[in-house]
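Reader: Before the terms are applied, I would ask that each be set against its definition.

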Amino acid sequence: MDTLALLANGFVAAATPTNLTFALIGCVLGTLIGVLPGLGPAAGTAILIPLTFNLDPTGAIIMLCAIYYGAMYGGTITSVLINVPGEAASVITCIDGYEMAKQGRAGTALAVAAIGSFIGGCISTIALTAVALPLAQLALKFGPVEFFALMVVGLSLVIGLAGKSLAAALLMTVFGLLIAMVGIDPVRGAPRFTFGVEDLLDGVGFIPVAMGLFGISELMLAADSRLLKPISTRISSLIPSRREMRDCAGSIGRGTVIGFVLGLIPGVGAVIPTFLAYVLEKKISKTPERFGKGAIEGVAAPETANNAYANAAMVPLLALGIPSSPTIAVLMGAFIINGLTPGPFLFQERPDLVWAIIASFFIGNVILLALNLPLVGLWAKLLRMPYHYLCTGVLLFCILGAYSLKQSVFDVWVMLGFGVVGYLLRKLDFPLAPAILALILGPIMERSLRTTLEISGGSFAIFLDRPIAMVLLAIAAAVIVTVAFSPKAIEAVSEDAQ
């Protein structure tokens, strides 16, 4: 009953006119970001963080969360209309969604995606409400030893699931950790790796780095590619028939379960739930030959899993303080900028904010459902705008955002520099996720490790004396070893050797 009372208070806060407006703005901006091919939720959220600098923390986080799950749905529109995924999680939707569009069923595909996203998001949020507080209370028993081990687990899962090469993922993790070490030593208070540059005394700014690695690099990649023209299709007949809803009802249920369960695991990413949901539907279907030719289940399952994952991925952040994806890492940075530290203590120190955010997920899903069906035609027209105009506008916004953080031209150069670095890394097929997560987790890991060693007098044996920490470190080691010795990894190493 305490949880229900807290949630009710959260609804009261989230339903104020101001916070409703922030949720609406976030949903619109998020959907727009999802519609723009290649930009993605991580880049879009990082770019738009400067909009929240002068807002109340509750309104700021509600708006950024709405941008996140709005972007997760927005990518569906381009996947269906022009066979170009707006973000990585929508790749699988292209297979059947675009085929449905060519058959004149684009409206049905988009409607089923919206309905599935709404159901998956709401059910996932209900489950989040049930598990977040118990998980946070359990986490209160964690000390610095357990927190360090927990951060290692989160980082190891990302390493194991990011990119095609374990070596590349490890290199990018080290790259992120090195960037995180720039600035003032948290224990001795002495500058390190600043090379006499005063602007680096506060460290390398997370926002300029994130905007550069994700936003600027994506714009440079987009400038390299040529976008397809939208196909001529009707956006009418938005309401699926009873038979179509009956056909995809089971797909929506299974997609919700897959998305929520995998969303609880740090490092899984949004792509894996959508692929698993699609593969499962094709495997259990009595007519698997329909998949790839416009099967409505091939749209309903991955899109439901996509939004269920987006809501569930907030559980590790709110309850444990672990970002489970690059976008959640960006959101964690937004929490920190607003003077908030995600994790179990947040439920004790700011329960009003936490439950207002959770309640806003329900409201945001309703807003998305009401928004996206009528606006499909508008999004399609937007895609006909010359892409170099869109790129120029986004670049200008990035520069203004980086500068407004500290009114520092140095941050603008940092953003542009990391944009070039991100572009080159993407060209070389290096994953960016481990770097950005290491940049966020690095300072937390360092503080936990050094506090642990101070407690133990410099002895690492303390990790063997703490059963929880020992189990967590064993899990991290098992993940890395499993990935390193998987057939795929061995084959990749053999190819490199040849």
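Reader: At what angle do helix α5 and helix α12 pack, and how far apart are their axes?

Author: This is a predicted model, in which local features need pLDDT of at least 70, side-chain atom pairs count only at pLDDT 80 or more, and totals for chains, interfaces and linings use all residues. Residues are numbered from 1 along each chain as its sequence is written, and side-chain values use heavy atoms, with hydrogens and water left out. Helix α5 (residues 93–102) and helix α12 (residues 297–312) pack at about 135 degrees, their axes 8 Å apart.

Reader: Why are α5 and α12 called oblique to each other?

Author: Angles under 35 degrees count as roughly parallel, over 145 as roughly antiparallel, 65 to 115 as roughly perpendicular and the rest as oblique. The angle is about 135 degrees, and α5 and α12 are therefore oblique.

Reader: Which residues make the contact?

Author: With contact meaning heavy atoms within 4.5 Å, Thr93, Asp96, Gly97 and Met100 of α5 meet Gly298, Val299, Pro302 and Glu303 of α12.

Reader: What makes the residues of this contact nonpolar, polar or charged?

Author: Ala, Val, Leu, Ile, Met, Phe, Trp, Tyr, Cys and Pro count as nonpolar, Asp, Glu, Lys and Arg as charged, and the others, Gly among them, as polar. The contact of α5 with α12 accordingly divides into three nonpolar, three polar and two charged residues.

Reader: What is the lining of the second largest pocket made of?

Author: The lining divides into 25 nonpolar, nine polar and six charged residues. Helix α19 gives the most, with seven residues.

Definitions and conventions
Axes are lines fitted to C-alpha atoms, for helices over the stretch in contact, and angles run from 0 to 180 degrees between N-to-C directions. Helices (H or I, at least four residues) and strands (E, at least two) are DSSP runs, numbered from the N terminus.
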